[in-house]
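Here are my notes for a first look at this model. Please read them with the structure open.

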Amino acid sequence: MQQPKRPPQLGEVQETLLIPLYARAVETRKRHGMLTDPRAVEMVDALDYDFARFDGATSLLGANLRTLLFDTWTRDFLARHPTGTVVEIGTGLNTRFERLDNGTVHWIDLDLPDVIKLRHTFFEDTDRRRMLAASVTDPTWTDEVRKLPGPYFLVAEAVLIYLDEEQVRAVFDLISERLPGALLALETAAARMVEQQDSHDVLGKVTARMRWRCDDPKTVEHWRTGIQLADSCTFTHLPTPMARHLSLTYRLMLRTATLLKRRDMEAYRFNLFRFSG
Ligand SMILES: C[S@@+](CC[C@H](N)C(=O)[O-])C[C@H]1O[C@@H](n2cnc3c(N)ncnc32)[C@H](O)[C@@H]1O
């Protein structure tokens, strides 16, 4: 018998997790989608939420491209450090572990308490993977990470843009002091993107708003010594192996969008920071 759908019961910023979740479910239902995520389909089907408000938004494709890029960076890390630890900061209902588990990685899924409560209804802790309820701004999560084998790869996909710059700086300080040697993947949104978000095709449909404006991720290196921008790209210049993996349809879409909307696309950057040990 089919279970009744349950309302997600999430705070404002927490609700945004439903956007990438839906993006992955929509892509999975396509015949030639860029990714396959049956768990996302299952979770969307189980939740009582008006996902249809996001239908047709091109940003859903953008969310999936971002996910694939962050998967690529995480996979590269695991190829070099198969027994290291990955921390998915602001994990939402992300399924990166399901895609990338190599049988030896240690993994923490960190998010605010209401998200972790919801996440527990779909996922179980194991000996190598566990959920942690805390804000990324609360230093205690780093204590849990430090108990696990290094090196550490931290992924904050669509998370820190919702914080004030002051809070983002505090997170960078925390990582510098408590997790030296770590790598952190995150995106930055330029001021013009943050200012135009009310008319954004998916963000305009939820209450949460991006707050951190960052026109140039290179400037973050000046926040304190030891922070290095190891890689940075936009949708217009995705790493070649990843772009090659996309179908011709998606490559043509990206090329067209690059020609017509280059400035908009370059306002959103994907970055990999290294914290020197
Ligand atoms: C757009 S969703 C992204 C979810 C997930 N990273 C993904 O790509 O599917 C933003 C996530 O950041 C989380 N988040 C926002 N502020 C946070 C904070 N201070 N500490 C931890 N997580 C936070 C939200 O609860 C939400 O799950």
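1. α11 gives the most to the lining of the second largest pocket: 4 residues. Both α10 (240-245) and α11 (248-266) supply at least two lining residues each. Helices here are DSSP runs of H or I with at least four residues, strands are E runs of at least two, and both are numbered from the N terminus.

2. The model is predicted: local features need pLDDT of at least 70, side-chain atom pairs count only at pLDDT 80 or more, and totals for chains, interfaces and linings use all residues. Residues are numbered from 1 along each chain as its sequence is written, and side-chain values use heavy atoms, without hydrogens and water.

3. The lining of this second largest pocket includes Phe235, His237, Arg251 and Arg255. A pocket is an open set of points on a 1 Å grid over the protein atoms alone, where a 1.4 Å probe fits, with protein on both sides within 12 Å along at least five of seven lines; lining residues have an atom within 4 Å of a point.

4. The protein chain holds 11 helices and 7 strands. Its C-alpha trace spans about 50 × 45 × 35 Å along the principal axes.

5. Of the 277 residues in the protein chain, 52% are buried, meaning under 20% relative accessible area with a 1.4 Å probe, protein chains only.

6. Consider contacts, with heavy atoms within 4.5 Å. Among those in the protein chain between residues at least 6 apart in sequence, 73% join residues at least 24 apart.

Methods
Buried < 20%, exposed > 50% of the residue type's maximum accessible area, 1.4 Å probe, protein only.
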